[in-house]
Amino acid sequence: MCIFCILGIAIFLWLLHIYMTGGVCKIKKNLSGKVVFITGANTGIGKETALQLGTMGATIVIACRDTIKGQAVLDELNKLTKAFMIKLDLSCLNSVKQSVEDFKKLNIPQIDILINNAGVMAPQTYKTTKQSYELQFGTNHLGHFLLTELLVPYLKVAQQSRLVNVASLAHKHSKLDFQDINCSQYANSKLWPIKYNLQAYGNSKLCNILHAMEVSKRHGIKGCSLHPGVVRTELVREIVGNPILNIVFKLVTPIYFIFTKSCLQGAQTTLQCALEDYDKLVDGGYYSDCKIKQPLFANKQLAEKLWEFSTEKLKPYLQK
Ligand SMILES: NC(=O)c1ccc[n+]([C@@H]2O[C@H](COP(=O)([O-])OP(=O)(O)OC[C@H]3O[C@@H](n4cnc5c(N)ncnc54)[C@H](OP(=O)(O)O)[C@@H]3O)[C@@H](O)[C@H]2O)c1
């Protein structure tokens, strides 16, 4: 192949990479006096989001399951701003309650921006939370739903507070079935690692979108959700834990790089939702590449149904 062809392909792939990683949040604000509460900020997209908002002077509360990893981020944040860490395991509803008790002890009066970022994807085998919900639904949606409900009093104290749910384009794989919210009919299926866990992940991410759509109606707090893009994070840790999938993953890594974002690039749409002027932020809106987009399957009736379903399931944890 001639040198010009190789050069042409290289330039094309580089331009394709730039296009795929697009969507830059251009908003910069002085956030001193504002409080940001963010889950899953010990790594990945959440860590970058916390650092960027910390640079703008917000007080940052990171809620992490692995607090050893969290401490390293807290140390970085403390060089930028006032920051705190609380322990949170979203796969255990008692831990969610305890984390809010721990937050109360910080004597922080309000939360301006709540970012529900933590997430788990595609466990190799069917797994459940402490309270026996399918792991992805229980962690990504129910844990965050309970956390949000318990933090509502703090969001109401702040003027123009907002909820930002990190969802995913993977919501297009969802088949939300309230009769079998835990996808238990697929638990023993040989297709679980290939097909149904992606469906369960999609369900949990559709729930993130629906939750953000309904929160304003229920609490008067603006909610939005987003797809961060395909980002090179630890989210695929379960997938690469499988020896065969690991080999496939290694083989496609150079191509994967072209089509994926760094963590900082992946944090851009979260930052857009967190920083957008309050009046411009679309209530219940779903964002991707820093722009408003139309999600699939999401509608007001479903959002209402999910809200009622979730509050019913969480009744014992919502009572004081
Ligand atoms: N990466 C992508 O391409 C992509 C695409 C679309 C959407 N997303 C969404 O982006 C968000 C951030 O993910 P990421 O890509 O940054 O992945 P990541 O690097 O794996 O980060 C996920 C975070 O969630 C935390 N987490 C997982 N289970 C938890 C639990 N039970 N309790 C508390 N925290 C828990 C992890 O904490 P530990 O370290 O303690 O496990 C980690 O901090 C997720 O909601 C994900 O669904 C990512």
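Q: Which residue in β6 is the bridge partner of Val166?
A: The partner in β6 is Leu226. This is a predicted model, where local features need pLDDT of at least 70, side-chain atom pairs count only at pLDDT 80 or more, and totals for chains, interfaces and linings use all residues. Residues are numbered from 1 along each chain as its sequence is written, and side-chain values use heavy atoms, leaving out hydrogens and water.

Q: How do β5 and β6 run, and how many bridges join them?
A: Strand β5 (residues 162-166) and strand β6 (residues 222-227) run parallel, joined by five bridges. Strands (E, at least two residues) and helices (H or I, at least four) are DSSP runs numbered from the N terminus, and two strands pair if DSSP finds at least two bridges between them.

Q: What is the strand order in the sheet?
A: The open sheet has eight strands in the order β3-β2-β1-β4-β5-β6-β7-β8, with mixed pairing. Its edge strands, β3 and β8 (291-293), each pair on one side only.

Q: New topic: at what angle do α4 and α5 pack?
A: Helix α4 (residues 93-104) and helix α5 (residues 135-157) pack at about 25 degrees, their axes 9 Å apart. Axes are lines fitted to C-alpha atoms, for helices over the stretch in contact, and angles run from 0 to 180 degrees between N-to-C directions.

Q: Which residues of α4 meet α5?
A: Leu93, Val96, Lys97, Ser99, Val100, Phe103 and Lys104 meet residues of α5, including Leu142 and Tyr154; contact means heavy atoms within 4.5 Å.
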